[in-house]
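Hi everyone, thanks for making time this morning. Please have a look at the model on the screen, and then I'll walk you through a few spots in it.

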Amino acid sequence: MTEPLLVDRTDAVVTLTLNRPAAMNALDVALKEALRDSLAELESDRSCRAVVLAGAGGAFSAGQDLREHVRTLESAGSDPLATVATHYNPIAARLASLPKPVVAAVRGMAAGAGASLAFLADFRVGGPTTRFLMAFAGVGLAADTGASWTLPRLVGHAKAVELLMLAEPVPAEEAHRLGLLTRLVDDDEQVLPAAQELAARLAAGPTVAYGAIKRQLSIADAGTLADALAAEGQAQSICGATADHRAATMAFVNKQKPLFEGR
C-alpha cells in the first residue's frame, strides 16, 4: 500500500510530501491523519530543525478529496464537516505554532485546504505553474484550515474577501506580488530544491529564536502593544539563556561566523 505521506530526513530538515499524485494530492482521511500525527511528532523532535511541506507530482494539493466527501454527505452522519474539528483544525494549529521554520514547496495547483496549508507555512516557494485557488465558496463552503486567519495577514482584509468570495485562481506572478509566495523560481523542477535549500539555511540558524519569533508574531497579530511587549520579554528571557545566543555573541565580538546548534 502506498503511503499517503512521505517523510524524508536530510540532516536537520524533514520533508513531508503529500503523496496522492493521481488525485492531485487531495486530502482524504488517511492523508490528513498522517499529516496531523507527523506534525505532532515533529513538534518535540529536537533533531528536526526545519520542515518542508511539498506535494508529489505536478500539484501541491487540490484540497479536500471531494469524492470521499460525497460519500460522507450521503451517509447518515449528522455533521458532514466533522473533519474540520478532527483533522483540519489540529493540522492548522500545529503548522502555525510549530517551534521551527516551515517552508512550503508549492508546485502547481494549491486549492482550498491545500492552499490553506501553504499559507500556514512561514515561507512559500513557487514556480511558473503555481496557482492558488480559494475554492471553498465554489462548493458552498466558507474558509477552513486557518485561511480566514492567514489570508488577511498575507494580503489584507479587502483582498482576502475578494479571493475567498470570487474564488478565482491566482497565477504565480500575481501570487508573488501579493505576498502569497515568498520566492518565485523560474523552473518548476527547482521549486522543491529551492525550498529545501532555504529550509537547510534556516535549520543551520538560531532555531530557538525562530520559534520565539513565530510565537511573538502570533501574539502581536491579535493582541495589544502590552501583549506584544510581554511576549517579547518572555522570548528574550528564553533566547538569552541559550547556548546559541552566548556563542553567537562571542563570535560577533571576535569577528567570527556564528555556529548555531538550536539550543
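Let's start at valine 52, whose bridge partner in β4 is valine 103. On the other strand, threonine 15 stands opposite valine 52 in β3. Before I go on, a word on the model: it is predicted, so local features need pLDDT of at least 70 and side-chain atom pairs count only at pLDDT 80 or more, while totals for chains, interfaces and linings use all residues. Residues are numbered from 1 along each chain as its sequence is written, and side-chain values use heavy atoms, with hydrogens and water left out.

Strands here are DSSP runs of E, at least two residues, and helices are runs of H or I, at least four, numbered from the N terminus. Two strands pair if DSSP finds at least two bridges between them. β3 runs parallel to β2, joined by 6 bridges. Going from β2 through α1 to β3, the chain makes a right-handed β-α-β crossover; that is, with the strands pointing away from the viewer, the path from the first strand over the helix to the second runs clockwise. β3 is also parallel to β4 (residues 102–106), with 4 bridges between them.

So how enclosed is strand β3 by the rest of the structure? Largely, because 6 of the 6 residues in 50–55 are buried, meaning under 20% relative accessible area, where exposed is over 50% and partly exposed lies in between, with a 1.4 Å probe and protein chains only. Both faces are covered: Ala50, Val52 and Ala54 are buried on one side, and Val51, Leu53 and Gly55 on the other.

Aspartate 11 is not a glycine, yet has a positive phi of about 55°. Aspartate 11 sits in the loop between β1 (5–10) and β2 (13–18), and is exposed at 78% relative accessible area. Asparagine 25, also not a glycine, has a positive phi of about 55°. Its loop lies between β2 and α1 (29–43). Is asparagine 25 buried or exposed? Buried, at 0% relative accessibility.

Last stop, the helix pair. α5 (residues 147–155) and α6 (residues 157–166) pack at about 125°, with axes 7 Å apart; axes are lines fitted to C-alpha atoms, for helices over the stretch in contact, and angles run from 0 to 180 degrees between N-to-C directions. In contact, meaning heavy atoms within 4.5 Å, are Leu151, Pro152 and Val155 of α5 with His157, Lys159, Ala160, Leu163 and Leu164 of α6.
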